[in-house]
Amino acid sequence: MNAVFPGSFDPITSGHMDVLTRAAKIFDQVTVTVMHNARKQGRHLFTLEERMDILREATAHLPNVRVDTFGGLLVDYMARQEPGSVILRGLRAVSDYEYELQIAHLNRQIGDAETVFIMAATRWSFVSSSMVREIASYGGDVSEMVPRASASALRRKHADVYAEREAEKQEQRQTQLG
């Protein structure tokens with residue numbers, strides 16, 4: 001049985017990776033699908049190509065995981081998959097469940113697509129891509145919240161902020177020493 005793990009992955013977090021790694025042990029193949037939404041054009045930190053590159057690097061150690069992209073209705077993408085494929089969604093909290101349940105019902109109603117939920121490990125229940133982006137935009141350390149590929153991409157994207165923050169830390173050390 002195959003699973004499709006859709007999302008924007010802007011960027012992929014350790015919570016996503018937790019769900020994905022566990023799913024790769026359950027399913028024959030997992031396709032991480034970066035959904036392209038034309039209405040959100042320009043609202044992502046990373047381009048579609050950058051997100052796909054980050055995902056490929058982050059999942060390189062998982063032989064049964066592949067990365068793809070799709071624009072449009074997820075049920076249309078699912079209709080092109082191997083029969084019996086399911087939608088995979090990760091859950092962090094009850095609030096996620098309420099939203100995802102509605103989407104799962106809609107996908108079942110309009111496209112006969114089944115959804116499987118995997119709970120993210122508790123240690124990742126507070127991590128979201130939007131929070132990671134915000135912390136990184138101020139030069140904060142997100143290395144524990146994202147895979148190495150995402151952390152590197154965030155440092156490159158916000159290189160000036162990280163350099164400024166490092167200079168401030170260096171200045172504080174000098175002040176404390178002397």
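Predicted model: local features only at pLDDT ≥ 70, side-chain atom pairs only at ≥ 80, totals over all residues.
Arg 89 itself sits in strand E4, which covers residues 86–91. Its side chain makes a polar contact with the side chain of Glu 100, at 2.7 Å.

Arg 89 also carries an annotation. An unreviewed UniProt entry places the feature "binding site" at Ser 8, Lys 40, Leu 74 and Arg 89. Ser 8, Lys 40, Leu 74 and Arg 89 are included in the lining of the largest pocket.

The polar partner of Arg 89, Glu 100, is one of the buried residues of helix H4. This helix runs over residues 94–111 and has 18 residues. From first C-alpha to last, H4 reaches 25 Å, close to the 26 Å expected at 1.5 Å a residue. Its buried residues are Asp 96, Glu 100, Ala 104 and Asn 107. In an α-helix, residues three or four places apart point the same way, because there are 3.6 residues a turn. The cover over the buried residues of H4 includes helix H3 (74–79), strand E4 and strand E5 (115–119). Just after H4, Asp 112 takes a positive phi of about 55°.

Aromatic pairs were examined next. The structure holds 3 of them. One is formed by Phe 70 and Tyr 77 and is tilted, with 5.1 Å centre to centre and 55° between the planes. Both Phe 70 and Tyr 77 are buried. Another pair, Tyr 97 with Phe 117, is edge-to-face, at 6.0 Å centre to centre and 65° between the planes. This pair links distant parts of the chain: Tyr 97 lies in helix H4 and Phe 117 in strand E5, 20 residues apart. Tyr 97 counts as partly exposed because its relative accessibility is 38%. Phe 117 is likewise partly exposed, with a relative accessible area of 27%.

Ser 129 counts as buried because its relative accessibility is 12%, under the 20% cut-off. A polar atom of its side chain lies 2.7 Å from the backbone oxygen of Pro 11. Not counting residues up to four places away in sequence, Ser 129 touches Asp 10, Pro 11, Thr 13 and His 16.

Technical notes: Residues numbered from 1 in each chain as written. Heavy atoms only, no water. UniProt positions renumbered as here; feature names shortened; annotations may be inferred. 1 Å grid on protein atoms, 1.4 Å probe; cavity = no way out; pocket = protein on both sides within 12 Å on 5 of 7 lines; lining within 4 Å. Helix = DSSP H or I, 4+ residues; strand = E, 2+ residues; numbered from the N terminus. Polar contact = N/O pair within 3.5 Å; in protein donor to acceptor, adjacent residues only side chain to side chain. Expected span 1.5 Å × (residues − 1). Buried < 20%, exposed > 50% of the residue type's maximum accessible area, 1.4 Å probe, protein only. Contact = heavy atoms within 4.5 Å. Phe/Tyr/Trp six-rings, centres within 6.5 Å; stacked < 30°, edge-to-face > 60°.
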